[in-house]
Amino acid sequence: MSTKLLLTLAIYRIILTVGLTLDPTELLRLGLHGQFSFDPSDVETASKDFGGLRRANPLAVLHPSSAEDIVRIVKAAFESAHGFSVSARGHGHSINGQATATNGVVIQMCSSRKPALTIVSEKFLYVDVWGGELWVDVLRSTIEYGLAPKSWTDYLYLSVGGTISNAGISGQAFNHGPQISNVYELDVITGKGELLTCSEEENSDLYHAVLGGLGQFGIITRARIALERAPQRVRWIRVLYPNFSSFTQDQEYLISLHGQPDTHKFDYVEGFVIVDEGIINNWRSSFFSSSNPLKVSSFNAEGGVLYCLEIAKNYQESNADSIDQEVEDLLKKLNFIPGSIFTTDLPYVDFLDRVHKAELKLRSKGLWDVPHPWLNIFVPKWDNKSSMVTPDEDVFYLVAFLRSALDKGTETQTLEYLTDQNHQILRFCDKEKINIKQYLPHYTSEQEWIRHFGDKWAQFSKRKMEFDPKCILATGQSIFEPSFNPNNKASRR
Ligand SMILES: Cc1cc2nc3c(=O)[nH]c(=O)nc-3n(C[C@H](O)[C@H](O)[C@H](O)COP(=O)(O)OP(=O)(O)OC[C@H]3O[C@@H](n4cnc5c(N)ncnc54)[C@H](O)[C@@H]3O)c2cc1C
């Protein structure tokens, strides 16, 4: 092909792209009370996320000042002749560009212009919050009343809309369910620009669609979240296991206690695998303090691996006298390595905000804003041929590989190496027929999404056609092709 022809084709492509692109004056004519930003640094922020693996530039960023602003922008996208994508962005803590909108509009839900909506009902034990509220701010508002949400994520600098679009899982989930099981009511702006209130009783199909709906059915502007009386303090304990089977046996015993009276169970159950003590891939929280001088390395590990069960018991100061005995009684039933107990006692708020400490430490070392090729998978109990009997419920684990990549690290710290390991893990599960499901899923083809959703795909796509028929919303998830621009996908970094 001659150079001239190539040039002509290149120019033609540019014209075609511009022809499909949103005109900024179209946005400004909407006369919203919030602010449209075309500022390169705002656009740059909205093009990236915590994962640092992908980039997709929006044309503009909207800092909304009300739900009405969002109604108008989504309606404009729905009615526009050429169409454009609109993605809500909470705190941008996705891994694979899920909150981006190529050439469209990103709505910055956590913006400083966000409406002040928080209302606590002491009588009915709920809080109403703006969809872009960070969980840490929800906690600050409710704790003033001695109340707090029941179910959390490990890290609180995530938005309510962002976690509700996934599930919101932490060590309380065995007891209270994930965060999506603790939402009474939502205000949602659908892909047609309609603002609807939904709950179990009202517009229930939309309500169920939006919970864990990956942002596909509407933008959450208000959530009504269940509260409980907040504990004042927490006994936070870590114990070690030499092998996987004793570790999981105790974990499964502890979660089987859900539904028992509070004094008979822990309030939080998680665990992790200790393969090394390096800070970069062990960012969740620090293990040692002056009150915990034990060294993990002093315990024998099979093959250099130890398993750490992390448990916590909440209590009120008025019950401080009995907490030692309660914890001792509960620990007696577990089979950890004798003497491997690490205990901390701290205010409830500090326990919930524990990961922030690790964030500050990593930030100070320049290790926070690095690529994060994370992989989160739900693993079913694969050993169902054994004679072991389990409770009637389905037992499954959320297994998270939360790694950080370093450009100048050793070979095993590079993005390529860690990404390849993620692929190997997924291939292994496939080969061994371990029917895992990804949490915070990322796929690029329709076939993979259909496989991911399994029996739920027909309902998921039917609901999409009902609530966002032009596939305008959350295009960064790459589940549905927008009707207006088939190549609208995030690109690799
Ligand atoms: C350090 C860290 C710790 C984490 N810990 C946990 C954990 O313990 N448990 C857990 O379950 N998850 C955890 N996550 C994952 C986290 O819950 C998800 O990535 C979540 O989506 C991040 O929230 P966000 O506000 O940053 O969402 P974003 O990344 O901004 O958005 C995620 C998706 O939700 C959509 N969305 C955002 N806001 C709205 C809205 N108001 N209405 C509709 N759709 C919306 C976006 O369009 C996008 O598709 C963690 C992530 C990080 C980075």
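Student: How many helices and strands does the chain have?

Tutor: Helices (H or I, at least four residues) and strands (E, at least two) are DSSP runs, numbered from the N terminus. In this chain you'll find 15 helices and 19 strands. Keep in mind that this is a predicted model, where local features need pLDDT of at least 70, side-chain atom pairs count only at pLDDT 80 or more, and totals for chains, interfaces and linings use all residues. Residues are numbered from 1 along each chain as its sequence is written, and side-chain values use heavy atoms, with hydrogens and water left out.

Student: What percentage of the residues count as buried?

Tutor: Buried means under 20% relative accessible area, exposed means over 50%, and partly exposed is in between (1.4 Å probe, protein chains only). Of the 493 residues here, 52% count as buried.

Student: Which residues have the most contacts inside the largest nonpolar core?

Tutor: A nonpolar core is a set of buried Ala, Val, Leu, Ile, Met, Phe, Trp, Tyr and Cys residues joined through side-chain atoms within 4.5 Å. The largest one here has 68 residues, and Trp135, Trp152, Val160, Ile164, Leu186 and Phe351 have the most contacts inside it. Take Val160 and skip residues up to four places away in sequence: among those it touches are Val129, Trp130, Trp135, Ala223 and Ile225. There's also a second, separate core of 26 residues, with Ala60, Ala67, Val86 and Ile472 among its members.

Student: Where does glutamate 133 lie, and is glutamate 133 buried or exposed?

Tutor: Look in the loop between β7 (126-130) and α5 (135-143). Glutamate 133 counts as buried because its relative accessibility is 7%. Contact means heavy atoms within 4.5 Å. Leaving out residues up to four places away in sequence, Glu133 touches Lys114, Thr118, Val138, Leu158, Ser159 and Val160.

Student: What about histidine 372: which loop holds it?

Tutor: The one between α12 (354-364) and β16 (375-380). Histidine 372 has a relative accessible area of 2%, so it is buried.

Student: Which residues of α12 are buried?

Tutor: Arg354, Val355, His356, Ala358, Glu359 and Leu362. Their cover includes β12 (233-241), β13 (268-274) and α11 (348-352). After α12 comes glycine 366, with a positive phi near 70°.

Student: Which residues come nearest to the ligand?

Tutor: A residue is near a molecule or strand if one of its heavy atoms lies within 4 Å of it. Of the 36 residues around the ligand, Gly90, His93, Ser94, Asp154 and Tyr439 come nearest. An N or O atom in the side chain of serine 94 is 2.6 Å from an oxygen atom of the ligand. Aspartate 154 uses a backbone N or O atom, again 2.6 Å from a ligand oxygen. For glutamine 98, a polar backbone atom is 3.0 Å from an oxygen atom of the ligand.

Student: How much of the ligand does the protein bury?

Tutor: Taken alone the ligand exposes 960 Å², and the protein buries 96% of that. The elements giving two or more residues to the shell are β4 (86-89), α6 (160-164) and β11 (218-229).

Terms used:
A polar contact is a pair of N or O atoms within 3.5 Å; within protein, one must be able to donate a hydrogen and the other to accept it, and residues adjacent in sequence count only if both atoms are side-chain atoms. Accessible areas come from the Shrake-Rupley method with a 1.4 Å probe; for residues, only the protein chains shown count as cover.
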